[in-house]
Amino acid sequence: MDWLGAAQQLRHDGQPGVLVTVAEVRGHAPREAGAKMVVSRDRTWGSVGGGNLEASAVARARELIESGTTEPEMHEAHLSPHARTEHGRQCCGGVVRLLLEPLAVRPVIAVFGLGHVGYELARILSRLPVRLLLADSRAEQLDRVRLADVIDGDADVGIHHTLLGEQVLERLPRGAHVVIMTHDHAEDFALCDAALRLPQPLGGIGLIGSSAKWTQFQAQLAAAGHAPEAIARITCPIGQPGIPGKDPAIIAIAVAAELLQALPASQRAAGAAWTDERGTSEEGRRCLKGGPEASGKAERGK
């Protein structure tokens, strides 16, 4: 796999990495300007020249990964017998400037239920640099013609037609944000129950519904063996307070606004660098908080 394929694979797998590019060469150097390498926590793809130049770049790239930074940085290396690093000397005689660009992990948002509100929420979220997973037990709700404007957005969209949404939940990465808004209260409950049993911590769990629905669910979840502190991880009703209205699009805006507040600032816009098929790059507490304004809307907008 070349460096571009590796960058795309890391993005698909939700794993961080760093794109290392030879930005400038003065004098003799192992590789020319434009040479690229991708570094992950445990692998590399491509090469910027080998030797101590590459070893130093890999070490620094992994420091950036562990720090979680999204800021690119320049690194200058002197390839001289007098310039010793912890990885040795390189005697090409030139000077190389390397650009290190973090490939940040896109936040994952899983929406269960693509009815009126779920569809409008998917449309909004599809315009953001996120990994958007859409699941529904009804095939017609996931028709690609219906979802054409969702698929065409900036998000990486995954579509899952399954009678058991729990199977999608089990595959979610650590820190994923879950929004449950199916057409069936029994399905909603099964997803809430399964979400609380996951071994990996989620970024947040939001449930669409009224206060009455949530009171009923709390009792049922307790009867299913969930402790109060676990049940409190679910937010119901959902939606940013102060956005009144029962139209599906308005409810979706309120939910999306609350989700945005839960994402790190670096992930709300283009975020850290990611590469397109031409090899160029783009700059790239609680998940969902309930509010009285969202309460009644949720039941009618599904």
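Tutor: Gladly, and let us begin with a sheet: six strands form an open sheet in the order S8-S7-S6-S9-S10-S11, with parallel pairing. This is a predicted model, in which local features need pLDDT of at least 70 and side-chain atom pairs count only at pLDDT 80 or more, while totals for chains, interfaces and linings use all residues. Residues are numbered from 1 along each chain as its sequence is written, and side-chain values use heavy atoms, leaving out hydrogens and water.

Student: What makes S8 and S11 the edge strands?

Tutor: Strand S8 (156–161) and strand S11 (234–235) each pair on one side only. Strands themselves are DSSP runs of E with at least two residues, and helices are runs of H or I with at least four, numbered from the N terminus. By that count the protein chain has 10 helices and 13 strands.

Student: Which strands pair with S1 in the antiparallel sense?

Tutor: Strand S1 (residues 17–26) pairs with strand S5 (residues 95–103) over nine bridges, and arginine 26 has valine 95 in S5 as its bridge partner. S1 is also joined by four bridges to strand S2 (residues 36–39), again antiparallel. There, valine 20 stands opposite methionine 37 in S2.

Student: Why does the structure hold zero disulfides?

Tutor: A disulfide is a covalent bond between the sulfur atoms of two cysteines. The test here is a pair of cysteine sulfur atoms within 2.5 Å. For cysteine 192, the closest cysteine sulfur is in cysteine 236, at 7.7 Å, so that is too far for a bond. Seen from cysteine 236, the closest one is in cysteine 192, at 7.7 Å, also too far. The count for the structure is zero.

Student: Why is cysteine 192 called buried?

Tutor: Buried means under 20% relative accessible area, exposed over 50%, and partly exposed in between (1.4 Å probe, protein chains only). Cysteine 192 has 0% relative accessibility, so it counts as buried. Cysteine 236, at 10%, counts as buried as well. Of the 302 residues of the protein chain, 49% count as buried.

Student: How do you know how the lining of the second largest cavity divides?

Tutor: Ala, Val, Leu, Ile, Met, Phe, Trp, Tyr, Cys and Pro count as nonpolar, Asp, Glu, Lys and Arg as charged, and the others, Gly among them, as polar. On that basis the lining has five nonpolar, two polar and four charged residues.

Conventions. Two strands pair if DSSP finds at least two bridges between them.
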